[in-house]
Amino acid sequence: MSTENETARSGQKMLWRSLDQKADPAKVQEAQCGSDVVKRNIDQSELFTINRRKFLTLSGAIGTLAGVEGCIRRPAENIMPYADMPEYVNPGVPMHYATVTTSSGEALGLVVTSYEGRPTKVEGNPDHPASLGATDIWAQSAILDLYDTERSRQPHQAGVATDFATFDKAFDAKIAELVKKGGAGLAILTQSTLSPSYVRVRELLLKRLPRAAFFTYSPVNSGNARLGALAAFGQPLLPIHDFSKAKVIVALDSDFLGTEPGNVQAARGFAQGRNVSGVTSEMNRLYAVEPAYTNTGSNADHRLRLSGQDVARYAKALAAELGANGVDLGQLSTAVAGTNTDGIPAPWLKVVAKELVQNRGQSLIVVGQRQPAAVHALAASLNRALGNLDRTVAYATPIDTLEGDGYAAISALSKQMATGAIDTLIMLGGNLSTTHRRT
Amino acid sequence: MQIFPRSLNYLPLVAAIGVAVLGGGLTLGIWYYFSPRNTQVGYAPEQPIPYSHKLHAGELGIDCRYCHANIERSQEAMVPPTQACMGCHAVVKKDSPKLAALRASWSTGYPVEWVRVHRVADYVYFDHSVHLAAGVGCVSCHGRIDQMEVVRQDQPLNMGWCLECHRNPGPNLRPKDQITNMTWTPSEAERTQLAENTLRGPQHCSGCHR
């Protein structure tokens, strides 16, 4: 729950230069208008007329001030030691903590540098398999979260700050009431999770409150990939790529080097495949098909600009071309036959298909999260047909197997709330006011 | 008719001497009085608690490192947490009005706002632990803290002063077990031994201005 600032209340645009000013709008006004002295009307002619008396006064003052300046040592500066110092703290020497952040479907191991309890820098944890010592932009900016002045510091009731004792009392009463009803009318809205502990606690909770309903929604989620795997393999799985083993990579609207989950590890693997260390070593080749310019596109050997909706068409055309090159597509071959190839340059089918076939088991087709489930399903089938399964891509059961289509979940929730079937909503994380479009 | 008296013939000479003396005096005055030796040394601000180093370090003989505990491991000499003071003052002089600020800090958890006495500019890298490891005693830079009722700055802490010792640290070095001893004087054998030392502090710019 964030405190509303003055901007929102007054509806006026407020410009600020420091967080102090933002917190106290009066200061902004003062900074804009100048201090009281300047605000007073000063007769300008009076300022610049100098007579002998004034000249002597001023020069005397200047001389005195120059002398005083030398004697004033400096503004007093305070030293604020701990009142109760935690163990192991050595003031002046930073501590390093190993920790993990989770964002957009991956957990990233970090090492945070902290001076006397004040974190100053985030770096990757070299011992963590997803990080290998590197981070992404979200991990780097995570440090700012820790100093966010809008973070809630205490519980609020109807917009008014209260304390935890009051909250606990109200919460306990509500829970007791819900337990009597077996959880009927209770909805719990959570974000996508990577935590086995959370999944276990949810199961325990559902035993106690069998009629409670869980909804999982994250604005960025792996729903399409899960549904794609469901279509291709019969169960919701998530792909895990190994870019270091891929000689030919086809990225379909996938910014796997920038914004997709696992991008830190992917960048490392991709770079390994690019590393030419001897006469016989070869570089990998990256084909990117994408509607917007991304980090991946800028690293690609060949980039095809194609609108988001046409990426699916390209995937089908590529599948058809692979079929023509002797890849066994099974039932798929009829579904992709005769795909319209307007706007797709011929080499992007012929050459790409040829290279994929030449590198069976060493190629990889990756699909971005925002592409529909059908494209994920098609890519999974193609990777299987090319013999890439368990070589460059493996499929794993997600930690939260119940998470489905987040958008469907959120609209189901709002419908049930509208009908009054749900009277209690518990939200664990997430900020729907900024991540969900009201319809 | 002559309107200027004859004595005015000396005016140019007198004026020249006057300007030279006054200007020279002014220059020398600023040179001397505006230097850190004058503006920094002797700074003894009032502290929120009238803590006496003379009593604690001098008369009671508490070692410097009892309170400034991390001094051998950190660049920064910590000011002790309220907790360290309360170790004794929970029992000793626990109702003294002079310790009101200390008790307030202990009950609220808010730090005591001590006023910094010794300060080098932000563009200077200074590490206490390195100096102690080299064998520079506390007294060399901080003076006779054990005789100070109120802590004041004893040395100018300016660049020339730093470099003096970096070029020839010998006179300021001592055995490592005498670091906190305020009254240590070297024996004849130690004096010759220290005089032979080849240790030098860094004298290149980036040694301190990193």
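This is a predicted model: local features need pLDDT of at least 70, side-chain atom pairs count only at pLDDT 80 or more; totals for chains, interfaces and linings use all residues.

Me: What percentage of the 439 residues of chain A count as buried?

Reply: The share is 34%. The accessible surface of chain A amounts to about 26,200 Å², and carbon and sulfur atoms account for 55% of that area.

Me: Among contacts in chain A between residues at least 6 apart in sequence, what share joins residues at least 24 apart?

Reply: For chain A, that share is 64%.

Me: At what angle do the axes of helix H13 and helix H16 of chain A cross?

Reply: Helix H13 (residues 310–324) and helix H16 (residues 373–385) of chain A have axes that come within 10 Å and cross at roughly 25°. Angles under 35 degrees count as roughly parallel, so H13(A) is roughly parallel to H16(A). The crossing of the two is left-handed.

Me: Which residues make the contact?

Reply: H13(A) contributes A:Ala312, A:Ala315, A:Lys316, A:Ala319 and A:Leu322, while H16(A) contributes A:Val375, A:Leu378 and A:Leu382. By class, the residues of this contact comprise seven nonpolar, no polar and one charged.

Me: Where does B:Ser187 lie, and why does B:Ser187 count as partly exposed?

Reply: B:Ser187 is found in chain B, in the loop between helix H9 (159–167) and helix H10 (188–195). Partly exposed covers values between the buried limit, under 20%, and the exposed limit, over 50%; B:Ser187 is partly exposed because its relative accessible area is 35%. From C-alpha to C-alpha, B:Ser187 and B:Val139 are 18 Å apart in space, and 48 residues apart in sequence.

Conventions: Residues are numbered from 1 along each chain as its sequence is written. Chains are lettered from A and ligands numbered from 1 in the order in which they are written. Side-chain values use heavy atoms; hydrogens and water are left out. Axes are lines fitted to C-alpha atoms, for helices over the stretch in contact, and angles run from 0 to 180 degrees between N-to-C directions. Helices (H or I, at least four residues) and strands (E, at least two) are DSSP runs, numbered from the N terminus. Angles under 35 degrees count as roughly parallel, over 145 as roughly antiparallel, 65 to 115 as roughly perpendicular and the rest as oblique. A crossing is left-handed if the near helix is turned anticlockwise from the far one by less than a right angle, and right-handed if clockwise. Contact means heavy atoms within 4.5 Å. Ala, Val, Leu, Ile, Met, Phe, Trp, Tyr, Cys and Pro count as nonpolar, Asp, Glu, Lys and Arg as charged, and the others, Gly among them, as polar. Buried means under 20% relative accessible area, exposed over 50%, partly exposed in between (1.4 Å probe, protein chains only). Accessible areas come from the Shrake-Rupley method with a 1.4 Å probe; for residues, only the protein chains shown count as cover.
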